[in-house]
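Please open the model in your viewer and keep the selection panel at hand. This tour moves from one selection to the next and says what is there.

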Amino acid sequence: MDTPQEQIVILGAGFAALTAVKTLRKNRFTGLITMVAPRAIFSYLPSTIWIPSGMRDREDLEVPLENFFARFNVRFQAATVTGLNQEEQQVLSDTGSIHYDRLLIASGARFIQKLPGIKEHVIIPCDGISAGEKIRDRLAAMEGGTIAMGFGGNPKEPSAMRGGPVFEFLYGIDTLLRRQGRREQFKLIFFSPAAEPGKRMGPKAVKGLLREMDKRGIETHLGHKMKGFAENRVITEGGEFESQLTLFMPGLTGPAWLADSGLPLSAGGFVVADQGGRVGGAEHIYVAGDSGSFPGPEWMPKQAHMADLQAEAAVKNMLSDIAGRPAQHHFKVELVCIVDSISTGVLVYRDMKRTFLFKTPLFHWAKLLFEKLYLRGVR
Ligand SMILES: Cc1cc2nc3c(=O)[nH]c(=O)nc-3n(C[C@H](O)[C@H](O)[C@H](O)COP(=O)(O)OP(=O)(O)OC[C@H]3O[C@@H](n4cnc5c(N)ncnc54)[C@H](O)[C@@H]3O)c2cc1C
């Protein structure tokens, strides 16, 4: 397919952004692609869970993108987006403005950090590679004590949460302490304001996750609204408990720069789009990945896999729009994840028809293999 030479600007250098580039070139888009992100580096976030055990470090998970840009003919602009001028089709950034003919927003999500004490007393385990490193270093320095791990949500948008990795850190740290022969010096507590944590993975998943905690001697504190954190304490409406190391994953919200962008935003702060990534009422603008709020079931995950599916659909619609062809590509809604515990893994699959779970050590190896193949495609 030959398309007119338009300048496509992609915000972000994560899963959705890279898939968008690959899809554009695969569909023979020959025009200019400009990617805008603070650093020309791709971070493979799902493997952050293996940093505390030393299985992975920063060098393994951060991929410089120079080769990718050369291979797919991408112009990179190192900048942090600060706003949007829709009338003049300009992205505003800390290094100046950038013109676009078509724009794909793929700049991820951020964490709601409103709970008292969250900035001082908590590590947010999904806050990038450095969070994994902090957990690794704190664990190594501890001789014993209580480690509390939990997650919350965005009350205004139930799908804007990330729980899976918290279970992975929980089981991974339990396995690590056992391997190090010092598990009995630690008390592990899992806490969540939800009475049924992990419900979006299906009702079977909740039972399985809680059974696994019981088997591993992990205490639970569930169904109590969070009040905040203090030094060595987690405080909820259902009481408080001691914790020398607290990992808490708060709910997600959209990028801060969206606030004055004039784009339609959901209650939770994300860009509202249709199931093909087209942003309603904003011509020439598309969204994919964690930045978007899309129609679909309440369990639709904010995941790398969904980000990839959304980016493919958004880019195909973008190309149809450029060519003036009426087309509507919809992304498939699918939850696929392997909840890993360093030694084994549980595959959780959910789509509109089925939900199933399957546990075997092979899934730990499958997760490693997937990482390898994905990163090979980026390098
Ligand atoms: C520990 C952990 C484990 C996970 N496990 C899994 C898993 O097993 N399976 C799975 O599918 N998903 C998993 N995820 C979720 C997955 O990583 C995210 O859903 C995915 O990264 C979202 O992709 P994205 O492209 O929307 O955003 P991101 O990958 O977050 O990329 C956002 C990009 O935007 C850039 N950016 C941010 N702000 C700006 C700005 N103002 N201007 C310009 N650029 C900006 C960032 O630098 C980054 O390059 C996990 C996440 C974590 C943290």
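Select the shell around the ligand, which draws at least three residues from each of domain 1 (8-109 + 254-323) and domain 2 (118-252), the bounds coming from an automatic or database domain assignment. Before going further, note that this is a predicted model, in which local features need pLDDT of at least 70 and side-chain atom pairs count only at pLDDT 80 or more, while totals for chains, interfaces and linings use all residues. Residues are numbered from 1 along each chain as its sequence is written.

Within the shell, pick out Gly12, Gly14, Gly108, Cys126 and Gly289, which come nearest among the 33 residues around the ligand; a residue is near a molecule if its C-beta atom, placed from the backbone, lies within 6 Å of it. Next highlight α1 (15-26), β2 (33-37), α6 (164-179) and α8 (304-323), the elements that give two or more residues to this shell, where helices (H or I, at least four residues) and strands (E, at least two) are DSSP runs numbered from the N terminus.

Finally, show the whole chain, whose secondary structure comes to 9 helices and 24 strands, and whose C-alpha trace spans about 65 × 45 × 40 Å along its principal axes.
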